[in-house]
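Here is a short briefing to read alongside the model. Please keep the sequence and the 3D view open as you go through the points.

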Amino acid sequence: MSIKLEICCGSLDDVINAKAGGADRVELNSALFLGGLTPSMGLAREAKKIGIPIMAMVRPRDGGFCYTEKEFQCMLNDVVDFAVLGIEGLVFGVLNADGTVDSVRCAQLVKAAGDRLKVFHRAFDVVPDWKKAMDELVELGFDRILTSGQRANSIEGAATLKEMIAYADGRIEILPAGGVRPNNVKELIEISGCNQIHASAGSKYKDSSCIGNPNVHFGSSVDMPEGEFSVTDIEKVRSLKSAI
């Protein structure tokens, strides 16, 4: 069985390195430290030139998945723009305040995406009834669900992922995500029976341009050190691919 590897990317260098490491496709984001937000159109245009299938995140802000009307309009605009650009897939999800799938808004996004692949992201991991939610997503026309099996990571959720794959029964793809490493990916595949994997494969790098004034912080949290950033590591991608 051929198992696809999708790498989560937050920059153009990430995309370049993911392809060099043997990834089959990438999920393109901004602000990965917030769980991934919508990337810029400029980044998407350049990433498209790399020659690897791209799934573009459409998430207007962090902090949940129940959006205002203005936020939702931004999502619709982004979906249309990415589709016109020729991005292979769109990754999005909208929930109601009670955590159930907002079928009305999701239907509008699916329609706007046209013939692009439609992926419901990890908002699926907080829905109160995943079987009901999956049935709704199938009916809406989604092609794939990104999920950790409603646990902190996909290894803990592997048994539930197996249930999800069985319940999906070919109606929709299940893409395990969260905490996937070369040393546990084999276990995840064996337990869940999945045929695709979503993972990050970054290494930390330093940017010394901020060291002149350590009292200044550009982010809201001092736990995120200035002058440090992550870039997809080619060798880590290769290790994942080899382990798979």
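**A loop residue to start with**

A31 has a relative accessible area of 22%, so it counts as partly exposed (buried means under 20% relative accessible area, exposed over 50%, and partly exposed in between, with a 1.4 Å probe and protein chains only). This is a predicted model, in which local features need pLDDT of at least 70 and side-chain atom pairs count only at pLDDT 80 or more, while totals for chains, interfaces and linings use all residues. Residues are numbered from 1 along each chain as its sequence is written, and side-chain values use heavy atoms, with hydrogens and water left out.

**Overall build**

- The protein chain holds 8 helices and 10 strands (DSSP runs numbered from the N terminus, with helices being H or I of at least four residues and strands E of at least two).
- The radius of gyration of the protein chain is 18 Å, which agrees with the value near 18 Å for a compact globule of 244 residues (taken over C-alpha atoms, with the globule rule being 2.2 Å times the number of residues to the power 0.38).
- Along its principal axes, the C-alpha trace of the protein chain spans about 55 × 45 × 35 Å.
- Of the 244 residues in the protein chain, 45% count as buried.
- Take the contacts in the protein chain between residues at least 6 apart in sequence: 66% of them join residues at least 24 apart (contact means heavy atoms within 4.5 Å).

**Positive phi in loops**

- A31 sits in the loop between strand 2 and helix 2 (41-48), and its phi is positive, about 50°, although A31 is not a glycine.
- D169 is another residue other than glycine with a positive phi, near 50°.
- The loop that holds D169 runs between helix 6 (158-168) and strand 7 (173-176), and D169 counts as exposed because its relative accessibility is 63%.

**Salt bridges**

- Side chains of opposite charge can pair when their charged atoms come close.
- The count comes to 13 salt bridges (a side-chain nitrogen of Lys or Arg within 4 Å of a carboxyl oxygen of Asp or Glu).
- One of them joins R25 and E6, at 2.5 Å from N to O. This pair links distant parts of the chain, with R25 in strand 2 (residues 25-28) and E6 in strand 1 (residues 4-9), 19 residues apart.
- Both partners count as buried: R25 has 8% relative accessibility, and E6 has 2%.
- D24 forms a salt bridge with K241, and their closest N and O atoms are 2.7 Å apart.
- R105 and E69 meet in a salt bridge of 3.1 Å, N to O. R105 is in helix 4 (residues 103-113) and E69 is in helix 3 (residues 69-85), so the pair ties together parts 36 residues apart in sequence.
- R105 counts as buried, with 14% relative accessibility.

**Pockets**

- Rolling a probe the size of a water molecule over the atoms shows where empty space is left.
- The largest pocket holds about 610 Å³ of space (on a 1 Å grid over the protein atoms alone, a pocket is an open set of points where a 1.4 Å probe fits, with protein on both sides within 12 Å along at least five of seven lines; grid points are joined across faces, edges and corners, and the volume is the space filled by probe spheres set on the points).
- The largest pocket is lined by 30 residues, and C8, L32, G35, H198 and S200 lie nearest its centre (lining residues have an atom within 4 Å of a point).
- Strand 8 (196-199), strand 9 (202-206) and strand 10 (228-232) are the elements that give two or more residues to the lining of the largest pocket.
- That lining divides into 12 nonpolar, 12 polar and 6 charged residues (Ala, Val, Leu, Ile, Met, Phe, Trp, Tyr, Cys and Pro count as nonpolar, Asp, Glu, Lys and Arg as charged, and the others, Gly among them, as polar).
- The second largest pocket has a volume of about 500 Å³, and F33, K204, E228, F229 and S230 lie nearest its centre among 17 lining residues.
- Strand 10 gives the most to the lining of the second largest pocket, with 3 residues.
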